[in-house]
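Let's walk through this chain together, one question at a time. Have the sequence and the model open beside you as you read.

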Amino acid sequence: MQATRSGLMNGMAGVAIFSGSLPATRLAVTGFDPVFLTVARAAIAGGLALALLLALRQKRPASGDLLPLAVVALGVVVGFPLLTAYALETVTSAHSVVFIGLLPLATAIFGVLRGGERPRPLFWLFSGLGSLLIAGFAAGQGLGATSTGDLLMLAAILVCGLGYAEGAALSRRLGGWQVISWALVLSLPVMAAVLMLRLPESFSGVSPAAWGGLAYVSLFSMLIGFVFWYRGLAQGGIAAVGQLQLLQPFLGLTLAGLLLGEEVSPLMLAVTTGVVGCVAAARKFAR
């Protein structure tokens, strides 16, 4: 019981931090191209992670952990940041936040495949209903300018769910902050090299808001949030704690409206509310 409660608390802290990721990314892409933004945030967080691991004299991962760490890196260090950065060039952060409602289902599916969890059948029923609401929302936007952004967001959700589940399984052996730190360090040489290649000639046109977005996604979205999130998933269960992500659309829509002045349409609120209801019901049957 204590582990479950601690897992929920850590998971909630991670969700609160991640809620600012898409609005911050939206700000950052006004000054940086998606590839540079992705490698910059990973390189900054990777440098900090390396310093942390060295300062605390952490033991190196076993050779058998390297492939799972590579999966984590591809999912949450490279895949999700890059895909969402491209998506946010064509859609608003308020629009993209609705797709976060799919993350609990994606995380749970990979939790079964990679973490050995077995939620009850009613879990899949309610999670599936939530996914249908998201699919209906995307289809209702038509095949115009937002279709590419929607597809990129769906791909981002899939790779992120895989990275979450793989990292949670590793956290049981390595610890939450160690997993994301080693994943960042593993990808650091490539990220640093690409960063040098994509370095702009000048940063004179970059606004303070874009710099602030880069700082947030580098420190909080890329490192600090995962310290809490992976620990929470490992303590409380991937499927169960993963359902806390149902709160992320609400928080993200609030931030998009308050900080960016983006329109939060009644349809977005209705879809988000429906997804929250479905996934809240699913959480009762996660174990």
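Buried means under 20% relative accessible area, exposed over 50%, and partly exposed in between, with a 1.4 Å probe and protein chains only. This is a predicted model, where local features need pLDDT of at least 70, side-chain atom pairs count only at pLDDT 80 or more, and totals for chains, interfaces and linings use all residues. Residues are numbered from 1 along each chain as its sequence is written, and side-chain values use heavy atoms, with hydrogens and water left out.

Q: Is arginine 57 buried or exposed?
A: Arginine 57 lies in the loop between helix 3 (34-55) and helix 4 (66-87); helices here are DSSP runs of H or I with at least four residues, strands are E runs of at least two, and both are numbered from the N terminus. Its phi is near 50°, a positive value in a residue other than glycine. Because the relative accessible area is 77%, arginine 57 is exposed.

Q: How many helices and strands does the secondary structure of the chain come to?
A: Reading from the N terminus, the elements run α-α-α-α-α-α-α-α-α-α-α-α-α. The count is therefore 13 helices and zero strands.

Q: What radius of gyration does the chain have?
A: The radius is taken over C-alpha atoms, and the globule rule is 2.2 Å times the number of residues to the power 0.38. With 287 residues, a compact globule would come out near 19 Å, and the chain agrees with that. The C-alpha trace spans about 50 × 45 × 25 Å along its principal axes. The radius of gyration of the chain is 18 Å.

Q: Among contacts in the chain between residues at least 6 apart in sequence, what percentage join residues at least 24 apart?
A: Contact means heavy atoms within 4.5 Å. Counting pairs at least 6 apart in sequence, the share that joins residues at least 24 apart is 91%.

Q: Which residues touch the most other members of the largest nonpolar core?
A: A nonpolar core is a set of buried Ala, Val, Leu, Ile, Met, Phe, Trp, Tyr and Cys residues joined through side-chain atoms within 4.5 Å. The largest one has 76 residues, and helix 9 (residues 176-197) gives the most to this core, with ten residues. Phenylalanine 226 has contacts beyond four places in sequence that include Phe18, Val76, Tyr164 and Ile180. The residues that touch the most other members are Tyr164, Phe226, Trp229 and Tyr230.

Q: Which residues is serine 187 in contact with, leaving aside neighbours within four places in sequence?
A: Serine 187 has its place in helix 9. At 9% relative accessibility, serine 187 counts as buried. Its contacts beyond those neighbours are Ala73 and Val77.

Q: What distance separates the C-alpha atoms of glycine 232 and alanine 13?
A: Glycine 232 sits in helix 10 (residues 208-236) and counts as buried because its relative accessibility is 0%. Beyond four places in sequence, glycine 232 touches Gly7, Asn10, Gly11, Gly237 and Val241. Glycine 232 and alanine 13 are 219 residues apart along the chain, yet their C-alpha atoms are separated by 8.9 Å.

Q: Which residues is threonine 84 in contact with, leaving aside neighbours within four places in sequence?
A: Threonine 84 belongs to helix 4. With 1% relative accessibility, threonine 84 counts as buried. Its contacts are Leu22, Met153 and Ala156.
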